Amino acid sequence: MAGLQVKSLEKRYGTASVLHGIDLDVKDGEFVVLVGPSGCGKSTLLRMIAGLDEISGGELWIGPRLANKLSPQQRNISMVFQSYALFPHMTTRANIGFGPRMRGESAQSIEPRVQKAAGVLNLNSYLDRYPRQLSGGQRQRVAMGRTIVRQPELFLFDEPLSNLDAKLRVQMRTEIKALHQDLKTTIVYVTHDQIEAMTMADRIVVMNAGQIEQVGSPLELYDRPGNRFVASFLGSPSMDFIPGTVEKGDGAPKLRTRGGLLLPMSESSASSGQAVEIGIRPEHFLLSDIKNGFPFLVSVVEPTGAETHLFGSIDGTQIRTVFRERLSPQPGETLYLTVVPGNVHVFDPKSGVRL
């Protein structure tokens, strides 16, 4: 096993700069997820780690070795792609053992490793089947088995669940996390799905426009986002934002909306009269009464069974709320809500930085 260290890493295509000085440390045995919108540079960074794309600037260390000039074969890594890339004429057993066989290793040394990988991935019953006889999730497990038998220092995953349906994605998330717990090998995993990032990672790296916005544990980023981008990207449904100005007096600070409504607000570095934007997670809104709450005009009701999602507006700002209760208000009805001040995030409306 090995850790990974990236120092001021840059990627340029001609005059176009794609990655702008990336710094990242991945500990030995850590599960790190790179997440961000399409085009943010996360897959480019992964391909540079793999040696598939050249490094334009900076340093890449895998364990104690500077890897900038090492070929992919010399890096002792293994990569799982979005496409399964299985050989259709080979059985599961042959697909899993393909890499060691091509390196000239003996059948006696390969078979125990194939059996171990199949056991870890629950593929023992499918070793003699061909890819056409397997489900999408089983094919993805075969692709993972092919990486395990190589016994790499570092696993790289490039959006491996994108081609699976919703139910299989949930199942495979659990299986990949269980695989990491069993093998304890360093994993760098790329996805645009923030739910995958939240449920699987030891640490999340949020990327945007070729740079890192914030690095931290899933709950750290969810509870204390460093800026508006991270706050809006992590969470499903995403955080609601309401603009206004700060009012500080003898009591707790308040946000005065553009229409004059006063909303609870947490302590922050913002001064009285300063224009800010507050962020509230949909699940942090609480039902209240007309005396203690603020009005919320309901426009759409979405029951999901376990939760009720209400889409509407607060003083003209569109927001979504989530309640565990099975509510059934009518469109056009006004409910009264409140929020615990500690669950209110405050951001600078220009820079997006948390205040």
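Contact here means heavy atoms within 4.5 Å. The views below come from a predicted model.

**View 1. Pro253 sits in a loop between two strands.** The loop runs between strand 11 (240-247) and strand 12 (254-256). Is Pro253 buried or exposed? Its relative accessible area is 3%. Buried means under 20%, so Pro253 is buried. Which residues does Pro253 contact, leaving aside neighbours within four places in sequence? They are Glu247, Lys248, Pro264, Met265, Ser266 and Glu267. Ser271 is 18 residues from Pro253 along the chain. The C-alpha atoms of Pro253 and Ser271 are separated by 9.7 Å.

View 2. Strands of a sheet pair through backbone hydrogen bonds.

**View 3. Strand 14 pairs with strand 20.** Strand 14 covers residues 275-280. How many bridges join strand 14 to strand 20? There are four, and the two strands run antiparallel. Look for Ile280, which stands opposite Val344 in strand 20.

**View 4. Strand 1 pairs with strand 2 and with strand 4.** Strand 1 covers residues 4-13. Eight bridges join strand 1 to strand 2 (residues 16-26). These two strands run antiparallel. Lys11 has Leu19 in strand 2 as its bridge partner. Strand 1 and strand 2 form a hairpin with two residues between the strands. In that hairpin, Gly14 takes a positive phi near 65°. Five bridges join strand 1 to strand 4 (residues 57-62), again in an antiparallel arrangement. Here Gln5 stands opposite Trp61 in strand 4.

**View 5. Helix 5 packs against helix 6.** Helix 5 spans residues 136-148, and helix 6 spans residues 166-183. At what angle do the two helices pack? The angle is about 20°, and the axes are 10 Å apart. Angles under 35 degrees count as roughly parallel. Helix 5 and helix 6 are therefore roughly parallel to each other. Helix 5 passes helix 6 in a right-handed crossing. On the helix 5 side, the contact is made by Gly136, Gly137, Gln140, Arg141, Met144 and Ile148. On the helix 6 side are Leu168, Gln171, Met172, Glu175, Ile176, Leu179 and Leu183. By class, this contact has seven nonpolar, four polar and two charged residues. In an α-helix there are 3.6 residues a turn, so residues three or four places apart point the same way.

**View 6. Helix 1 is largely enclosed by the rest of the structure.** Helix 1 covers residues 42-50. Seven of its nine residues are buried, so helix 1 is largely enclosed. Which residues of helix 1 are buried? They are Lys42, Thr44, Leu45, Leu46, Met48, Ile49 and Ala50. Just after helix 1 comes Gly51, with a positive phi of about 90°.

**View 7. Ser313 lies in strand 17.** Strand 17 covers residues 308-314. With a relative accessibility of 13%, Ser313 counts as buried. Which residues does Ser313 touch, not counting residues up to four places away in sequence? Ser313 touches Pro295, Phe296, Leu297, Gln318 and Ile319.

View 8. Most residues other than glycine have a negative phi, and most peptide bonds are trans. At 25% relative accessibility, Asn76 counts as partly exposed. Pro237 lies in the loop between helix 9 (228-233) and strand 11.

Definitions and conventions. Residues numbered from 1 in each chain as written. Predicted model: local features only at pLDDT ≥ 70, side-chain atom pairs only at ≥ 80, totals over all residues. Heavy atoms only, no water. Axes fitted to C-alpha atoms, helices over the stretch in contact; angles between N-to-C directions. Parallel < 35°, antiparallel > 145°, perpendicular 65-115°, else oblique. Left-handed = near helix turned anticlockwise from the far one by under 90°. Nonpolar A, V, L, I, M, F, W, Y, C, P; charged D, E, K, R; others polar. Pairing = 2+ DSSP bridges. Buried < 20%, exposed > 50% of the residue type's maximum accessible area, 1.4 Å probe, protein only.
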